[in-house]
Amino acid sequence: MNSTPTTTKENKCSRRRYTNQFKSKVVLFYRQQKELREITSAQQQNNQDQQTNSQQQNNQDQQTNSQQQNNQDQQTNSQPKNGKKRMEQVYGRMSFISRITGIDRRQIAYWIQHGDDILETKFKLTTFKLKSKKPICICTPMEIRLSNWIIEKRQAGNSIAGYQIKTKAFDIYDEIHPVDGIESNMSNGSTSHENSSLSECSLPRVEFKASDGWLSNFCQRRGFVLRRVSSCGRELPHNCLDIIFTFYRDLTKTIEFNKFEKRQIINMDESCQYLDAPSQYTYSAKGAKRTVVHTTGSEKTRLSGAWTGAANGTKLPLYLIVPRVNALSNFHVPENVILTYHPDSVFNTETIISYFQRIIIPYKIAQNLENVLLIIDSARCHLTTPVQNFCTENGIYLIYVPPRLTNLLQPADVSWFASLKKGYRKRWNDWYLNEVRVFTIHGNAKSPGYAKCIEWLSELWNNFQSESITKSFITCGIKTHRI
């Protein structure tokens with residue numbers, strides 16, 4: 001066996017990798033020498049027994065003196081063998097390995113004690129760590145049932161979010177460890193053999209918080225990872241700094257010249273919302289080549305909406321375009337929603353002018369304002385001559401956000417839509433996962449429908465904080481004083 005490796009200039013980066021390999025060599029060398037010592041000792045013991053038996057048979061008729069002389073000769077002849085035996089026993093022991101390697105004997109003893117774990121460790125660029133023998137989860141039956149639930153939902157194509165795993169963990173833990181005086185739901189009605197076999201836990205009930213750290217450790221123990229469904233992005237223009245400077249210069253001049261107040265500075269942006277909106281991430285088992293999420297088939301059916309807010313935090317009604325010719329029957333439109341019906345569900349010159357007439361003009365009248373400043377993007381429908389003429393006649397000043405810079409300069413893109421769309425996906429996931437769905441005569445699941453989606457959007461816009469709208473204007477540098 002070679003001595004302990006020395007770190008050279010060429011081998012500095014492989015020090016840790018060779019350390020685990022060296023530990024394995026020490027363990028294997030010790031085990032080989034130990035096995036060799038045991039074999040040699042057994043052979044010597046067998047030879048001694050054979051010599052003793054032969055001496056007794058051949059020397060029965062000889063005199064006592066000759067026997068003593070023979071015994072002395074045997075002891076003399078056996079001294080080199082005993083010396084050789086001693087050397088073989090010493091060679092390969094922990095003290096011998098420590099002497100030739102320069103490593104502390106206690107460290108070598110620790111390696112030999114955990115030899116099986118060291119030999120099973122892969123030679124990675126990490127330090128060697130032993131797995132803890134202590135229990136690492138507060139309730140094993142709960143984690144097994146939770147893992148089965150995740151696998152079942154993923155096999156069905158459902159999108160599983162982190163908060164849904166935490167909620168389910170709470171429910172299962174309360175079933176296994178019911179609170180005193182409260183019977184679990186499982187004991188009242190469930191007769192499943194799987195649940196009954198996993199309904200007992202030897203550990204006592206503790207305060208289970210289902211924190212983010214628990215979720216991370218649970219996924220690591222059970223082999224779940226967070227997988228992204230899709231991603232997209234665009235690059236900024238090469239002269240974006242000059243464009244941004246020009247935008248702020250024109251905006252500042254307009255605000256100072258007309259002395260606009262916060263309630264007069266408005267931002268509007270269009271966004272479409274599809275009826276099916278599964279989460280972009282889902283928890284699934286490791287090693288899966290595909291991540292499939294089932295929907296109702298309405299990924300292309302959408303509602304187009306215009307979200308409008310003022311710099312003082314005022315939320316104007318939500319303007320939605322429903323892709324229908326006839327109005328929704330037996331549907332009560334929420335107070336903070338204005339509906340219009342158009343077969344294409346797109347914003348064009350006609351729908352933009354309708355938006356001004358039904359959203360901006362009533363806001364001006366309600367606030368008793370002579371003119372307002374509307375910040376919008378550079379979509380084609382915003383740049384048409386009829387739209388500009390209508391705004392000029394009705395005291396609406398338009399400031400256009402430069403193309404491909406709305407994610408930096410437009411409050412709606414910067415601060416509103418991420419929270420609103422996340423809330424919509426959460427409602428859709430809860431609806432698809434928990435609520436009873438209706439199927440067509442051909443067995444296809446029906447979508448939530450326009451009415452339910454409108455109610456979701458109305459609730460989201462109603463619960464959206466006004467402070468977030470005010471902060472979004474400040475974040476984008478849109479203020480009533482000089483910028």
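A polar contact is a pair of N or O atoms within 3.5 Å, where, within protein, one atom must be able to donate a hydrogen and the other to accept it, and where residues adjacent in sequence count only if both atoms are side-chain atoms. The model on your screen is predicted, so local features need pLDDT of at least 70 and side-chain atom pairs count only at pLDDT 80 or more, while totals for chains, interfaces and linings use all residues. Residues are numbered from 1 along each chain as its sequence is written, and side-chain values use heavy atoms, with hydrogens and water left out.

**Glutamine 264**

Select glutamine 264, which sits in the loop between helix 11 (240–258) and strand 2 (265–274); helices (H or I, at least four residues) and strands (E, at least two) are DSSP runs, numbered from the N terminus. From there its side chain reaches the backbone nitrogen of glutamate 261 at 3.0 Å. Glutamine 264 counts as buried because its relative accessibility is 9%, given that buried means under 20% relative accessible area, exposed over 50%, and partly exposed in between (1.4 Å probe, protein chains only). Leaving aside residues up to four places away in sequence, glutamine 264 touches Lys259, Leu369, Asn371, Val372 and Leu373, where contact means heavy atoms within 4.5 Å.

**Glutamate 143**

Next, select glutamate 143 in helix 6 (residues 140–155). Is glutamate 143 buried or exposed? With 1% relative accessibility, it counts as buried.

**Two loop residues**

Move to alanine 210, in the loop between helix 9 (193–197) and helix 10 (212–222), where phi is near 50°, a positive value in a residue other than glycine. Alanine 210 counts as buried, at 6% relative accessibility. Then select asparagine 330, in the loop between strand 5 (318–322) and strand 6 (337–341), whose phi is near 55°, again a positive value in a residue other than glycine. Asparagine 330, at 85% relative accessibility, counts as exposed.

**Proline 386**

Proline 386 belongs to helix 13 (residues 385–393) and counts as partly exposed, at 43% relative accessibility. If you also select glutamate 350, 36 residues apart from proline 386 along the chain, you will find their C-alpha atoms separated by 9.1 Å. Proline 386 touches Thr349 and Ile353, not counting residues up to four places away in sequence.

**Helix 15 and its partners**

Finally, colour helix 15 (residues 411–434) and helix 17 (residues 466–475), which pack at an angle of about 145° with their axes 8 Å apart. Axes are lines fitted to C-alpha atoms, for helices over the stretch in contact, and angles run from 0 to 180 degrees between N-to-C directions. Here Pro411, Val414, Ser415 and Trp416 of helix 15 meet Ile469, Ser472, Phe473 and Thr475 of helix 17.
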